[in-house]
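User: I would like to learn how to read the features of this model one at a time. Please give the general idea, then the case here.

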Amino acid sequence: MPKPEYVYVIYIDAPCEKVFDALIDPEMNKEYWGRHCNLSDWKTGSRWQHADYDDRSKVVVTGTVIESDRPHRLVLSWARPESLGDPDKTSRVTFSIDEQFGSTRLTVVHDELDTEMLRAISGGWPPILSSLKTLLETGESLPMTRRRWKSGN
Amino acid sequence: MSKPEFIYVTYIETTAEKLWHALTDGEFTARYWFGARLRSDWKVGSSFEMVRSDGTVSDAGKVVECDPPRRLAYTFINLSDKYKNEFPALATFVLEPYGKLVKLTLTQEGFVEGGKFYAGISKGWPAILSSLKSILETGTPLEIPFEALKMND
């Protein structure tokens, strides 16, 4: 049976570059991703980490930068730190960013999921991506996404 | 094998009353919904139509549930020949206030297996709901022309 896949598409009134940079800039991440941030040198093959902004030793998700092609494509492997290296518990996130008649379409495909991670990310991506859009369009993110969430993700 | 079902969740900085108005007032929908004016008296069992700017009807169905400002459900099918062997599918909007935000969950179900309508609405809703979020939060909708959705057909 194929592993589940999650897809979310959102259109944002901002250039592709700004959308791409907002995904990898810790100062922006913390505003819309529950006070967490994404850390890496963002070169293909490098390690990346999703960590608490204020205590970066608290890593909640980690993986490898599979592809990094600013501003159109970013592909990451995605696992809990304790599951790193376990293919059954490693999923993949593909961010595709393209211009569509003056707006930017961001497509997030999160696939190769196990059921526990599917449940976690299905509740996570809509508020995170809704808030990213609000941040880029209004200059301020949605307040509830500036705080840490109980799940720590 | 489960039948296809489309689910989209977005968080909008607005009130449930304003969001309800945005979903049911034809003059307002014309500003963010690819120019479509929704036409209905919103009584259960009444007709529901999407009216293009030239006055022709693109999609039609019936109101199934109307409980302002919490739940709205209607069926519709696009009237073009492309979908002539398919039936109206049920779209349900659930509005849940969440502090200063409203969580909007759209579910559409009841598609013919192997039909094309599911693929059509899967492209349309993210653009419509992204534009809805923009107009409520910034006052300006996204300028996504309808043609943008046909590019990858």
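User: Which strands does α3(A) lie across, and at what angle to β1(A) does α3(A) run?

Analyst: This is a predicted model, so local features need pLDDT of at least 70 and side-chain atom pairs count only at pLDDT 80 or more, while totals for chains, interfaces and linings use all residues. Residues are numbered from 1 along each chain as its sequence is written, and chains are lettered from A and ligands numbered from 1 in the order in which they are written. Helices (H or I, at least four residues) and strands (E, at least two) are DSSP runs, numbered from the N terminus. Two residues are in contact if their C-beta atoms, placed from the backbone, lie within 7 Å. Axes are lines fitted to C-alpha atoms, for helices over the stretch in contact, and angles run from 0 to 180 degrees between N-to-C directions. Here α3(A) lies across β1, β6 (91-100) and β7 (103-111) of chain A, at about 5 degrees to β1(A).

User: How many residues does α3 of chain A have, and what span is expected?

Analyst: The expected span is 1.5 Å times one less than the number of residues. Helix α3 of chain A (residues 115-138) has 24 residues; its first and last C-alpha are 35 Å apart, close to the 34 Å expected.

User: Where in α3(A) does the kink lie?

Analyst: The bend at a residue is the angle between axes fitted to the seven residues ending there and the seven starting there. In α3(A) there is a kink of about 30 degrees at A:Gly124, shortly before the proline A:Pro126. After α3(A) comes A:Gly139, with a positive phi near 90 degrees.

User: What is the order of the strands in the sheet of chain A?

Analyst: Two strands pair if DSSP finds at least two bridges between them. Chain A has an open sheet of 7 strands, in the order β1-β7-β6-β5-β4-β3-β2, with antiparallel pairing. Its edge strands, β1 (6-12) and β2 (36-39) of chain A, each pair on one side only. The twist averages 20 degrees from one strand to the next. As one case of pairing, β3 (residues 47-52) and β4 (residues 59-69) of chain A are antiparallel over 5 bridges. Within β4(A), A:Val61 stands opposite A:His50.

User: What pattern does chain A follow along the sequence?

Analyst: Chain A reads β-α-α-β-β-β-β-β-β-α. The radius of gyration is taken over C-alpha atoms, and the globule rule is 2.2 Å times the number of residues to the power 0.38. For chain A the radius of gyration is 15 Å, close to the 15 Å that the rule gives for 153 residues, so chain A is as compact as a globular protein of that length.

User: How do β6(B) and β7(B) run, and how many bridges join them?

Analyst: β6(B) and β7(B) run antiparallel, joined by 9 bridges. B:Pro97 has B:Val102 in β7(B) as its bridge partner. Their hairpin has 2 residues between the strands, and B:Gly99 there takes a positive phi near 65 degrees.
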